[in-house]
Amino acid sequence: MKYLRHCSFFLLMLVFATNQVSGQQQLSAEVVSDLQKTTQYAFVLTEERHFRGVLSMYDTLKANGVTITDYEIVVKGKVVLQLKKGSELESLYQKYKDKLRVSVCSVAMSKLGVKEDELIPGLIPVETASIRMLQLQARGYNTLTY
């Protein structure tokens with residue numbers, strides 16, 4: 001069952017990528033139906049473009065009637081530097097702050113010299129991105145790594 005859920009999620013990503021290229025964002029009824037089976041989503045990413053893409057995917061899922069109970073972005077790597085107060089991503093994040101959670105790898109923060117009080121308000125430091133993703137998988141989230 002878990003394998004089928006992950007396959008359905010992969011199918012969504014394939015459809016999403018194809019539709020984005022052609023400028024369309026309409027998901028098939030089959031994909032929407034499959035996605036209704038698990039309403040929790042988590043993404044781990046390391047690049048700004050993926051952060052933007054995952055936010056856009058949230059909009060696409062909602063616009064197609066997909067129920068989302070939990071949507072979490074787990075960031076690690078150099079993108080952490082772009083999640084500081086006053087950054088371009090801060091204004092983008094404001095639109096979504098009440099709709100999703102953004103967790104930030106504290107190991108990446110430490111390596112890059114980013115302190116918790118420098119982060120965009122609302123972002124949540126976690127022990128490590130990998131451990132957080134394992135925790136979310138254990139809770140039954142659909143997960144995707146960029």
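## Basis

A residue is called buried when its relative accessible area is under 20%, exposed when over 50%, and partly exposed in between (1.4 Å probe, protein chains only). The model is predicted: local features need pLDDT of at least 70, side-chain atom pairs count only at pLDDT 80 or more, and totals for chains, interfaces and linings use all residues. Residues are numbered from 1 along each chain as its sequence is written, and side-chain values use heavy atoms, with hydrogens and water left out.

## N64

With a relative accessible area of 14%, N64 is buried. N64 sits in the loop between helix 3 (48-63) and strand 2; helices (H or I, at least four residues) and strands (E, at least two) are DSSP runs, numbered from the N terminus.

The N64 side chain reaches the backbone oxygen of T60 at 2.8 Å. Not counting residues up to four places away in sequence, N64 touches Q25, Q26, L27 and V32, where contact means heavy atoms within 4.5 Å.

## Helix 6

In helix 6 (residues 129-138), the buried residues are A129, R132, M133 and L136. They lie on the same side of helix 6 because they cover an arc of only 100° around the axis, the arc being that of the directions from the helix axis to the C-beta atoms. Exposed residues L134 and A138 are on the face turned away from the buried side.

The buried residues of helix 6 pack against strand 1 (40-45), strand 2 (70-75), strand 3 (101-105), strand 4 (124-126) and strand 5 (142-145).

## After helix 6

Helix 6 is followed by G140, which has a positive phi, near 90°. Y141 is in the loop between helix 6 and strand 5 and counts as buried at 6% relative accessibility. Its C-alpha atom is separated by 6.3 Å from that of A42, 99 residues apart along the chain.

How values were computed:
Polar contact = N/O pair within 3.5 Å; in protein donor to acceptor, adjacent residues only side chain to side chain.
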